Amino acid sequence: MTTDDVLLGLGLVVVLAVGSQLSAARLRLPAIVVLLPVGFLAGIATPDVHPDRLLGQLYQPFVSLAVGVILFEAGLRLSFSQLAAGSHRLVGRLVLVGILVTWACVTVVTGLLFDGLGHGVPLLIGAIVTVSGPTVVLPLLAFVRPQRSLRSLLTWEGVLVDPLGALLGVIVFNAVSASGSGAGWRPGALLGNLAVGAAIGAAGAALLWLVLREVQRTAPRQAVPAVLALVFAALVAADLVRQDSGFVAVTVMGVVLANQRTVDVSLTLEFQGTLVQLLIGVLFVLIAASVSPSDVSAVLPGALLLVTAMALVVRPLAVGLATWRTELALSERAFLAWMAPRGIVAGATASAFGLSLVQRGVAGADRILPIVFVVIFATVVLYGLTAAPVARHLGVAVAARPVVLIVGGRPWAPALAGALQRAGVAVRLWIGRADDREAARAAGLEAERGGLLDALDREVELEDVTDALVLTESDDLNAVVAAQLRVELGHAHVFRAAPEPDGSHLAVPPGEAGILGDDHLTYGAVSRRLAADGRLHEAVVDTGDGVGAGPDGADDVLLAVVTTGGDLRVATRGEPPAAAAGDTMIVLSG
């Protein structure tokens, strides 16, 4: 390839990866449902995106480094505090039982469905597809939004099964490769890899903790480069000591950092999240582009039967055995049994192992990658399109109605929260003072201290929130909190009280959107109106078409409208939201 060809191929891969993710968000589909067919079609349309042609010998090292970053970032999200009491053992059972049952069953089914596979190839395919992984599980969970307990279980399982399944694949691959020379299976190799990976991961986490503590004290902008450097170092060091133990090392590093509270990992997590989204998109496009249509068509009937067996028999059997005699409800077990997509690690290991065994002349090795690709694609599409309706049918999905976060104490925030709640909106309060929190709870409102400053806590607390109203007595605090929440929720979903003209230490951003009501509706102005017998209440629109509907009193102020469908429309900069007959207005009177 010429330099221009490489440049075109790299640019096309990145554009397809990001474009697919943006399109998926627009279509309200999981991104992975779009990424795989786009990559497959791109591979048909042009050879410039084929990874072996585009990257050559750099392809497999790139995949290893990229997957290492993904696993480290996923490990950063594994906080033990998020696991319900007694769930640690259940996670272990899901991972270990799932790996063993999947390996055994897929090996048998693969051997029955495909003729001409060489000695050990079904065993290797069974080992490869034991992995699921954060590249597919986390985006699906974010899309489906199951109950927090189920989300935590599936997150832990998906992250932990990747390095363990990859190690199992390495052991089986080495056994198959050595079978011709009589070397055979090496007992204890898996445990050795786990021990090396865990030891290097723990040492890497300790070193990274020391480095982050110093870097964040003196040069916080260098935290991200320092993290990436040490993650790469741990991955490479572990792999050099024991092949493919690097995935265990980086996962351990992430989990250790996630469960310490002396070093702030917020900036690292935010950047890692952006980088990981790009890497996931690029990897899916490259893996899909590496498979030809003729290879897929040759294995398609048998591979689809394999996917059917995995979805309807193997996964339910594994979950049933792992959750036997646990307190999980039947609906929760059913949802766990219907969530087992395969992802990047399966594709990467199938690509590497398949090519190596083809070069060694193992019969049927050329079918490993096509079979695994069909498994990845089919499971991603199957669970991507059905997991959300299945979760709703089983009653384990979080309600899709808007959840409004209100930041602030009395008198304004609880009064507005109560009016919204009576209008049918789910409301959550972040309140600082303990007596204000107790008063809000006594009024039937959900009130806690906010977890805005910690990236891990913020991610958990905001996962169900759709809109936010920032109404504290400090204009500067309102500006800072609103700016951070807009990064998380979007500028069209975060609103704050108007600042006093000369009351802020911080300059107001020019043309700032999201000012609740109008520029005169400051915290002090509303507080004075409420103290003078004013009130926040709801009123149903009863006009024929709703156009121009508004409060009856001349001094009344329309703050928001809750539609009959449960959507929240907030008045901003003096512009009242559209209202139709039957909608509920939230009005400040008096």
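Is valine 18 buried, partly exposed or exposed, and what is its relative accessible area? Valine 18 is partly exposed, because its relative accessible area is 34%, which falls between the 20% limit for buried and the 50% limit for exposed. The model is predicted.

**Nonpolar surface patch**

- Helix H1, residues 3-27, gives the patch its largest share, three residues.
- Valine 18 is located in helix H1.

**Largest cavity**

- Three cavities of 30 Å³ or more are present in the structure, and the largest has a volume of about 200 Å³.
- This largest cavity is lined by 21 residues, of which Ser132, Glu157, Arg315, Ala340 and Arg342 are the closest to its centre.
- At least two lining residues come from each of helix H5 (87-113), helix H8 (148-178), helix H13 (293-322) and helix H16 (368-394).
- H13 supplies the largest share of this lining, five residues.
- By class, the lining of the largest cavity consists of twelve nonpolar, six polar and three charged residues.

**Second largest cavity**

- The second largest cavity holds about 40 Å³ of space.
- Its lining is made up of Leu416, Leu420, Leu469, Leu516, Leu559, Ala560 and Leu568.
- Helix H17 (412-422) and strand E7 (557-562) are the elements that give two or more residues to the lining of the second largest cavity.
- The lining of the second largest cavity has seven nonpolar residues, with no polar and no charged ones.

Terms used. Residues numbered from 1 in each chain as written. Predicted model: local features only at pLDDT ≥ 70, side-chain atom pairs only at ≥ 80, totals over all residues. Heavy atoms only, no water. Helix = DSSP H or I, 4+ residues; strand = E, 2+ residues; numbered from the N terminus. Buried < 20%, exposed > 50% of the residue type's maximum accessible area, 1.4 Å probe, protein only. 1 Å grid on protein atoms, 1.4 Å probe; cavity = no way out; pocket = protein on both sides within 12 Å on 5 of 7 lines; lining within 4 Å. Points joined across faces, edges and corners; volume = space filled by probe spheres on them. Nonpolar A, V, L, I, M, F, W, Y, C, P; charged D, E, K, R; others polar.
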